[in-house]
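Here is a short report on one protein chain. Keep the structure in view as you read.

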Amino acid sequence: MLFFSLTAGAGFCQEHFVYDSQGKPDPFIPWVTADGRLQLLASQEKKGESELNLEGIIFDKYGLSYAVVNGEVVKIGDTIDGYQVLKIEEKRVIFIKEGELKEIEMKEEGT
């Protein structure tokens with residue numbers, strides 16, 4: 001009887017599960033390739049346009065601040081996807097491209 005209940009339960013677990021990423025990275029696929037490159041998300045590859053994704057800020061009001069944008073660490077003066085980093089503040093980064101400013105704020109965790 002015990003053997004029957006274990007095998008019967010195993011039949012329910014054999015369904016094929018497909019992970020729906022909803023534009024987020026699949027937690028089962030490494031972000032970094034064997035040669036050390038950061039993999040793009042499928043949603044980033046599909047867009048075809050350069051969209052800046054602010055992932056983090058290391059802010060030091062007395063020193064050099066850094067930001068993580070599209071998987072790359074940048075500082076003031078660096079260029080990424082045609083945008084130059086103009087200013088890094090505690091909760092936002094300001095970029096400039098062709099004379100136009102673009103401001104990106106850090107999203108609160110969980111939003």
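## Overall layout

Read along the sequence, the pattern is α-α-β-β-β-β-β-β-β. That gives the protein 2 helices and 7 strands. The model is a predicted one.

The protein has 111 residues, and 16% of them are buried. It exposes about 9,100 Å². Carbon and sulfur atoms supply 55% of that area. Now take the contacts with a separation of 6 or more: residues 24 or more positions apart account for 23% of them.

Strand β2 covers residues 66-69, and strand β3 covers residues 72-75. The two pair in the antiparallel sense, over 4 bridges. One bridge puts V68 together with V73 in β3.

These strands form a hairpin with 2 residues between them. Look at N70 in the turn: its phi is positive, at about 50°.

## The four-stranded sheet

Strands of a sheet pair through backbone hydrogen bonds, and the pairing can be parallel or antiparallel. Here, an open sheet of 4 strands has antiparallel pairing. Its order is β4-β5-β6-β7. Which strands stand at the edges? They are β4 (79-80) and β7 (100-105). Each has a single partner strand, so one side of each is left without a neighbour in the sheet.

Start with β4 and β5. They run antiparallel and are joined by 2 bridges. I80 has Y83 in β5 as its bridge partner. The two strands make a hairpin with 2 residues between them. In this hairpin, D81 takes a positive phi near 50°.

Next come β5 (residues 83-88) and β6 (residues 92-97). They too run antiparallel, with 4 bridges between them. V85 stands opposite F95 in β6, and K87 stands opposite I94 in β6. β5 and β6 form a hairpin as well, with 3 residues between the strands.

## The aromatic pair

How many aromatic pairs does the structure hold? It holds 1. The partners are Y83 and F95, and their arrangement is edge-to-face. The ring centres are 6.3 Å apart, with 75° between the planes. An angle over 60 degrees counts as edge-to-face, which is why this pair gets that label. The pair links distant parts of the chain: Y83 lies in strand β5 and F95 in strand β6, 12 residues apart.

Are the two residues buried or exposed? Buried means under 20% relative accessible area. Y83 has a relative accessible area of 13%, so Y83 is buried. F95 has 0% relative accessibility, so F95 counts as buried too.

## E89 in the loop

Where is E89 placed? E89 sits in the loop between β5 and β6. Its relative accessible area is 19%, so E89 is buried. That value falls under the 20% cut-off.

What does E89 touch? Leave aside residues up to four places away in sequence, and the contacts are I57, F59 and I94. The E89 side chain also makes a polar contact with the side chain of K87, at 3.2 Å.

Definitions and conventions: Residues are numbered from 1 along each chain as its sequence is written. This is a predicted model: local features need pLDDT of at least 70, side-chain atom pairs count only at pLDDT 80 or more; totals for chains, interfaces and linings use all residues. Side-chain values use heavy atoms; hydrogens and water are left out. Two strands pair if DSSP finds at least two bridges between them. Rings of Phe, Tyr and Trp (its six-membered ring) pair if their centres lie within 6.5 Å; planes under 30 degrees apart count as stacked, over 60 as edge-to-face and the rest as tilted. Buried means under 20% relative accessible area, exposed over 50%, partly exposed in between (1.4 Å probe, protein chains only). A polar contact is a pair of N or O atoms within 3.5 Å; within protein, one must be able to donate a hydrogen and the other to accept it, and residues adjacent in sequence count only if both atoms are side-chain atoms. Contact means heavy atoms within 4.5 Å. Accessible areas come from the Shrake-Rupley method with a 1.4 Å probe; for residues, only the protein chains shown count as cover.
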